[in-house]
Amino acid sequence: MPYRLSTLFLRTLREDPADAEVDSHKLLVRAGYIRRAGPGIWSWLPLGLMVKNKIEKIVREEMAAAGSQEVHFPGLLPKEPYEATGRWEEYGDNIFRLKDRKDADYLLAPTHEEVFTLLVKDLYTSYKDLPLSIYQIQLKYRDEARPRAGLLRGREFIMKDAYSFDISDEGLEVSYQAQRDAYERIFKRLGLDYVIVKADAGAMGGSKSEEFLCPAPIGEDTFVRSSGGFAANVEAIRFEVAQEQDASKTPAAEIHESPKTPTIATLVDFSNQNHPRKGGQWTAADTLKNVVLALVSPEGKRSLAIVGIPGDREVDQKRAEAWFSPNDVEQATEEDFSKHPQLVKGYIGPTKSGSQFLGEKSASKIPYFLDPRVAKGSSWITGANEDEKHVWHLTYGRDFSSDGIADIAEVVAGDPAPDGSGPLELARGIEIGHVFQLGRKYAEALDLKVLDENGKLVTVTMGSYGIGVTRLVAVIAEQSHDEKGLIWPEAVAPAQIHIIAAGKEESVFEAAEALAGEAEEMGFDVMLDDRKVSPGIKFADAELLGMPWVIVCGRGLEGGEVELWDRASGERLTVKLESALAEITSRRK
RNA sequence: CGGGAUGUAGCGCAACUUGGUAGCGCACCUGUUUUGGGUACAGGGGGUUGCAGGUUCAAAUCCUGUCAUCCCGACCA
């Protein structure tokens, strides 16, 4: 039976909801697909559910093809497994916690690595049982500080999460690739435009990780890509250390008074006025800015680190967090400075009076790292660690050393890709999938071991693979709409064909009804607008709801003709009633 | 957590400055009308104005507190 608009549980809105900012959010609410139940919590109306179910079906088909078996865990879980891996604490306020009548702690699962691992431990004990890949499509709960943009970041959302269990690293690589391939097929079938980027693997203790991002200005992730095919999340990009330069002609380092030059801009001006160089003005790129960071360890221990970066760059907070993970990174406070009176704010540099000053083995004992762009043999204008004094021609490798690199400077459009594949462009994206080689972190924490062929216990290695199913609904809507409404790809549209009875004569309704029956026999899902309302309302709603094909049965019917709309291209043509469905079949992609 | 904004009917908004017990459009119900781009007219139902306290003869409106939501940032397998 077709879905009849005369009885469908649906009310479309003429105006955008006032609290919606993002197109997918506005349209999904206006077109009656979802309804807000609370902050970041959504109810699904029939149309929304149809789309979500079709996405899930595609995911299930491709998971099966990839050899993954579906299971289902509870959303309500006891805290013990999460204590074992430390995440009961680590997740902090992001977990919804609750207590039962005996005052025992429970949580609404934000993710399921622990219980998947424990279930496998429960049942399997031999290498012969592996490899294994299992997944579920489940609700996740995260008490996000700021839910936003409708379905894009909710506090309750559906995720497909899959986990692989292997005996060897080579096996993990195979399992990882199988999931990655499945993701590519899924997103292609959904008609999505996406990029695969290198992701930061540090936080989860794993070795390799990639994200699937849909480019969109409203995206929350920033990524870079080059024309030559390099792509990475900005948090994950790592630059090569710059090649050593010839410093044989570099003048010796000179310390000079530099009154009132606590910032890079004032220092550059001062240099050009008082110490001009041949062959061009000094610029910010000739200065070495030494940024004082406070690192906070997971145990809460606070220590300082200083990073030297070219003066024309800023520290990227997210990249710094990723680099120094698991430590948190904060700006050094006045209090931090007061504990280190030898640091002269605005005039910090790697050396003092000609000898090394920063670094673990130096006088200050403060670790000192350098941006990878700081090449051996390059020379810099930088602080002299005395009030209102800087040093010129200070040369890395000749005059000072470091404790290593810290690749935490902001990435700027036009920076060369680390693999030499061209200049980078910056873009924003929405994360729709993440594949991750977890390695043995969870297996170790939860003691998941199996006997190998020699009868020895070995720790299993794992991968985890996630797709945000409800987020996909929003992302598809975001990528595929116009000012009139949604435009679903055929694979996920509630119905492929939307038939409008435009007129009041009985014959129009009969023809539309007959056509709907015929379309269903051909295997189409059909939306039939059999309401007794004026055609204008039906046209507007058809465009808002977004089925890919619209057939209008109306005034052309006397001549045996109907109108066929291609919602995506906007093309409209008049065709014979009896050839309308064949026309759609021949035009389908 | 920091900054900004907003809470009045299912949705979008007005009334608040200058207190007098709530109104418009959409949606909904009834009737007539209209039927290829949200028809027109008439009638109607629906709101303890986020919550609590205070001032006052009288509070959507003034005062205090509180809660919530949205946006930007911080945070976020």
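This is a predicted model: local features need pLDDT of at least 70, side-chain atom pairs count only at pLDDT 80 or more; totals for chains, interfaces and linings use all residues.
Residues are numbered from 1 along each chain as its sequence is written, chains are lettered from A and ligands numbered from 1 in the order in which they are written, and side-chain values use heavy atoms, with hydrogens and water left out.

H2 itself covers residues 46-65, and its 20 residues reach 29 Å from first C-alpha to last, close to the 28 Å expected at 1.5 Å a residue; that expected span is 1.5 Å times one less than the number of residues. Helices here are DSSP runs of H or I with at least four residues, strands are runs of E with at least two, and both are numbered from the N terminus. After H2 comes Gly-67, with a positive phi near 80°.

Now for some backbone spots in the loops. Asp-103, in the loop between strands E6 (96-99) and E7 (105-108), has a positive phi near 70° despite not being a glycine. With 52% relative accessibility, Asp-103 is exposed, a label that takes over 50%. Asp-447 also has a positive phi, near 60°, and lies in the loop between helix H10 (441-445) and strand E24 (449-451). At 41%, Asp-447 is partly exposed, the class between buried and exposed.

What about the cysteines? Cys-214 is buried at 1% relative accessible area, and Cys-553 is buried at 0%. Searching the whole structure turns up zero disulfides (pairs of cysteine sulfur atoms within 2.5 Å).

Finally, look inside. The whole structure has one cavity of 30 Å³ or more, a cavity being a set of points on a 1 Å grid over the protein atoms alone where a 1.4 Å probe fits but cannot get out. The largest cavity holds about 50 Å³ of space, counted as the space filled by probe spheres set on the points. Strand E23 (residues 424-439) gives the most to its lining, with three residues. Lining residues, which have an atom within 4 Å of a point, include Arg-148, Glu-220, Asp-221 and Arg-471.

Conventions
Buried means under 20% relative accessible area, exposed over 50%, partly exposed in between (1.4 Å probe, protein chains only). On a 1 Å grid over the protein atoms alone, a cavity is a set of points where a 1.4 Å probe fits but cannot get out, and a pocket is an open set with protein on both sides within 12 Å along at least five of seven lines; lining residues have an atom within 4 Å of a point.
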